[in-house]
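Please examine the sequence and the model shown below.

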Amino acid sequence: MIRILKGAAAVAAVAMLGGCALLSTPDPVQLYRFGNLPSGVSERESPASTVQVAMRRPEFAQAVREDRILGVTGTEAAYIKGARWVSSADILFSDSLESAFAAQSTRVRLVGPRELTRAGQALDIDVRTFEARYAAPGAAPVATIIARVRLLNAMERSVTAERVFTVEQPAGENRVGAIVSAFDAATRDIHSQIVEWTDQNAVALPTTR
């Protein structure tokens, strides 16, 4: 069973013996990632009739923006002890979404945040929820992702299309490995939905100057 670390950080105890400071040994932390393409699926060349869409760096709620995994039980929230993402959650989400577009999109080429290419439309993503939700203490949680996604006309600065995506993926048990697997599956699910929705709603527009 996983343990929850409440508060921003645990305070290390320091004992002074004979002028020497004895620091407590920090608990080991296992690193995880999410959003990898399924086995056997790889990125491919852009489709022939390509519509270019620039993606802004996804915005994450402050509590889940970095590398800690948030667990929520009712009105209580705490970070899962001994586990962190290998990089900040917003970067992992952005990188894996780019891979999903490269592997699955039939008509859109996604221009990533690190590219200098201009595009007539922009994909704006606001991840409002990225947490493991517990129905009760000790129960197997549900990896929950809620994101508002908008297609923006870069020239007119208007909204072309908008949708809120919600994905819930139950973890098989209340263990870190199972929770990470649930986040991985939920991320791939919401990415597939975003790719399909963008393919349906993106239109060819002049690039910005």
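## Salt bridges

Arg-128 and Asp-126 form a salt bridge in which the closest N and O atoms are 3.6 Å apart; a salt bridge is defined as a side-chain nitrogen of Lys or Arg within 4 Å of a carboxyl oxygen of Asp or Glu. This is a predicted model, in which local features need pLDDT of at least 70 and side-chain atom pairs count only at pLDDT 80 or more, while totals for chains, interfaces and linings use all residues. Residues are numbered from 1 along each chain as its sequence is written, and side-chain values use heavy atoms, with hydrogens and water left out.

- By the rule above, the count comes to 7 salt bridges.
- Arg-128 is partly exposed, because its relative accessible area is 43%; buried means under 20% relative accessible area, exposed means over 50%, and partly exposed lies in between (1.4 Å probe, protein chains only).
- Asp-126 also counts as partly exposed, at 23% relative accessibility.
- Asp-124 forms a salt bridge with Arg-150, and the closest N and O atoms of that pair are 3.4 Å apart.
- This pair links distant parts of the chain, since Asp-124 belongs to strand β10 (residues 121-134) and Arg-150 to strand β11 (residues 142-153), 26 residues apart; helices (H or I, at least four residues) and strands (E, at least two) are DSSP runs numbered from the N terminus.
- Asp-124 is buried, because its relative accessible area is 12%.
- A salt bridge also joins the side chains of Arg-175 and Glu-173 (3.5 Å, N to O).
- Arg-175 is partly exposed at 45% relative accessibility, and Glu-173 is partly exposed with a relative accessible area of 42%.

## Overall fold

- The protein has 2 helices and 12 strands.
- From the N terminus on, the elements run β-β-β-β-β-β-β-β-α-β-β-β-β-α.
- Among contacts between residues at least 6 apart in sequence, 71% join residues at least 24 apart; a contact means heavy atoms within 4.5 Å.

## Interior

- Buried residues make up 40% of the 209 residues in the protein.
- The largest nonpolar core has 48 residues, and those with the most contacts inside it are Trp-85, Leu-123, Ile-125 and Phe-130.
- Helix α2 (residues 176-201) gives the most to this core, with 11 residues.
- A nonpolar core is a set of buried Ala, Val, Leu, Ile, Met, Phe, Trp, Tyr and Cys residues joined through side-chain atoms within 4.5 Å.
- Beyond residues up to four places away in sequence, Ile-125 touches Met-55, Pro-58, Glu-59, Phe-93, Leu-97, Ala-147, Arg-148 and Val-149.

## Residues of the helices

- Ala-186 lies in helix α2 and is buried, with a relative accessible area of 0%.
- Leaving aside residues up to four places away in sequence, Ala-186 touches Ala-143, Ile-145, Val-167 and Gln-169.
- The C-alpha atoms of Ala-186 and Gln-169 are separated by 5.6 Å, although the two residues are 17 residues apart along the chain.
- Gly-177 also lies in helix α2 and counts as partly exposed at 38% relative accessibility.
- Gly-177 and Ala-83 are 94 residues apart in sequence and 9.5 Å apart in space, C-alpha to C-alpha.
- Gln-104 lies in helix α1 (residues 89-104) and is partly exposed at 30% relative accessibility.
- Gln-104 and Ser-192 are 88 residues apart along the chain, and their C-alpha atoms are separated by 7.6 Å.

## Surface

- The protein exposes about 11,500 Å², of which carbon and sulfur atoms supply 50%; accessible areas come from the Shrake-Rupley method with a 1.4 Å probe, and for residues only the protein chains shown count as cover.
- Val-29, Leu-31 and Val-86 make a nonpolar surface patch of about 240 Å².
- Patches are made of residues with over 30% relative accessible area and no salt bridge, with like charges joined within 9 Å and nonpolar side chains (Val, Leu, Ile, Met, Phe, Trp, Tyr) within 5 Å.
- Leu-31 is found in strand β4 (residues 30-32) and is partly exposed at 46% relative accessibility.

## Confidence

- The protein averages a pLDDT of 83, and 78% of the residues score at least 70; pLDDT is the predictor's confidence in each residue, from 0 to 100.
- Over residues 7-22 the pLDDT is below 50, and this stretch has 15 contacts in the model beyond near neighbours in sequence.
- Where pLDDT is low, the predicted coordinates should not be read in detail.
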